Amino acid sequence: MQQVWERLLLIHIIKCFERRGWLSSLKRLAFVLDGPLALFGHPAWMSAAVSLELKRLNELVAAETGRDLLLLGIEKTGTFVDHFEEIDQTETSGQLLFPPRSCFLPSDNYIKRRVIYSTSDKRYGADTYFGRKVFYKTATGARIVANIPFLSDDQDSIQSSDIEPYGQLPASCALLDKLISSRFKNALSPIVTAHAAAAIPLNLGAKVLQQLARALMREE
């Protein structure tokens with residue numbers, strides 16, 4: 001339920017800008033989603049609809065502002081995060097493979113051979129993802145596994161690692177340099193702040209649960 005609502009809310013926030021005639025202001029805004037640009041499980045069928053609506057909205061935004069939407073999904077854990085850490089090593093102790101401010105877009109062939117082995121003819125994430133993976137090392141040396149969206153038919157492919165179709169990728173990388181958290185691994189400051197604001201404090205949460213348990217015991 002949470003993953004569905006978060007992604008639907010994202011789309012409807014952008015649609016709100018469309019309906020109120022605020023599309024021109026989107027050139028100054030970026031949207032960051034906690035997690036991949038995908039829908040898994042039973043709601044996965046909605047991924048195609050989300051992708052279609054994103055392309056429609058981006059066409060309007062590009063006509064209004066001359067640039068694509070700036071949207072990122074951030075993966076803090078998982079197979080791709082572990083893989084990025086593994087391939088960033090070299091035979092020389094302390095020397096890393098990826099220099100700061102470098103990025104890599106894993107292709108379908110790379111993912112199936114090196115990350116999640118598969119012999120399927122269907123591209124990786126075809127039924128679930130409305131974006132693709134990006135490995136980026138920030139200016140400070142932090143490793144980030146991000147997702148960038150498919151905002152046009154030209155971008156809707158992971159057959160190559162070519163960055164040319166993704167006009168907002170340089171801006172996305174620059175944004176990651178500014179927003180990377182110094183407190184938490186693989187995290188961005190806005191997401192950390194949002195979690196802190198939304199989470200129930202531990203002590204308060206314990207008191208609430210204690211009071212609920214006592215009320216239920218009295219009712220029994």
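Trainee: Why is Glu-6 called partly exposed?

Mentor: In this predicted model, the relative accessible area of Glu-6 is 28%. Buried means under 20% and exposed means over 50%, with partly exposed in between; Glu-6, at 28%, is therefore partly exposed.

Trainee: Where is Glu-6 found, and which residues does Glu-6 touch, not counting residues up to four places away in sequence?

Mentor: Glu-6 belongs to helix 1, and the residues touched are Leu-33 and Asp-34. Leu-33 is 27 residues apart from Glu-6 along the chain, and their C-alpha atoms are separated by 8.0 Å.

Trainee: What makes the pair formed by the side chains of Glu-6 and Arg-7 a polar contact?

Mentor: The distance between the two side chains is 3.4 Å, and the cut-off for a pair of N or O atoms is within 3.5 Å. Residues adjacent in sequence count only if both atoms are side-chain atoms, and this contact joins side chain to side chain.

Trainee: Why does Thr-65 count as buried?

Mentor: The relative accessibility of Thr-65 is 16%. Since buried means under 20%, Thr-65 counts as buried. Thr-65 has its place in helix 2, residues 46-65, and touches Leu-23, Ser-24 and Lys-27, leaving aside residues up to four places away in sequence. A polar atom of its side chain lies 3.1 Å from the backbone oxygen of Arg-67.

Trainee: What covers the buried residues of helix 2?

Mentor: The cover includes helix 1, strand 2 and strand 5. Among the buried residues of helix 2 are Met-46, Val-50, Leu-54 and Val-61. Just after helix 2, Gly-66 takes a positive phi of about 85°.

Trainee: What makes strand 1 and strand 2 a pair?

Mentor: Two strands pair if there are at least two bridges between them. Strand 1 and strand 2 have four bridges, in the parallel sense, and therefore pair.

Trainee: Why are strand 1 and strand 3 called edge strands?

Mentor: The open sheet of five strands has the order 1-2-5-4-3, with mixed pairing. Strand 1 (31-34) and strand 3 (102-104) each pair on one side only, and are the edge strands.

Note on methods
Residues are numbered from 1 along each chain as its sequence is written. This is a predicted model: local features need pLDDT of at least 70, side-chain atom pairs count only at pLDDT 80 or more; totals for chains, interfaces and linings use all residues. Side-chain values use heavy atoms; hydrogens and water are left out. Helices (H or I, at least four residues) and strands (E, at least two) are DSSP runs, numbered from the N terminus. Buried means under 20% relative accessible area, exposed over 50%, partly exposed in between (1.4 Å probe, protein chains only). A polar contact is a pair of N or O atoms within 3.5 Å; within protein, one must be able to donate a hydrogen and the other to accept it, and residues adjacent in sequence count only if both atoms are side-chain atoms. Contact means heavy atoms within 4.5 Å.
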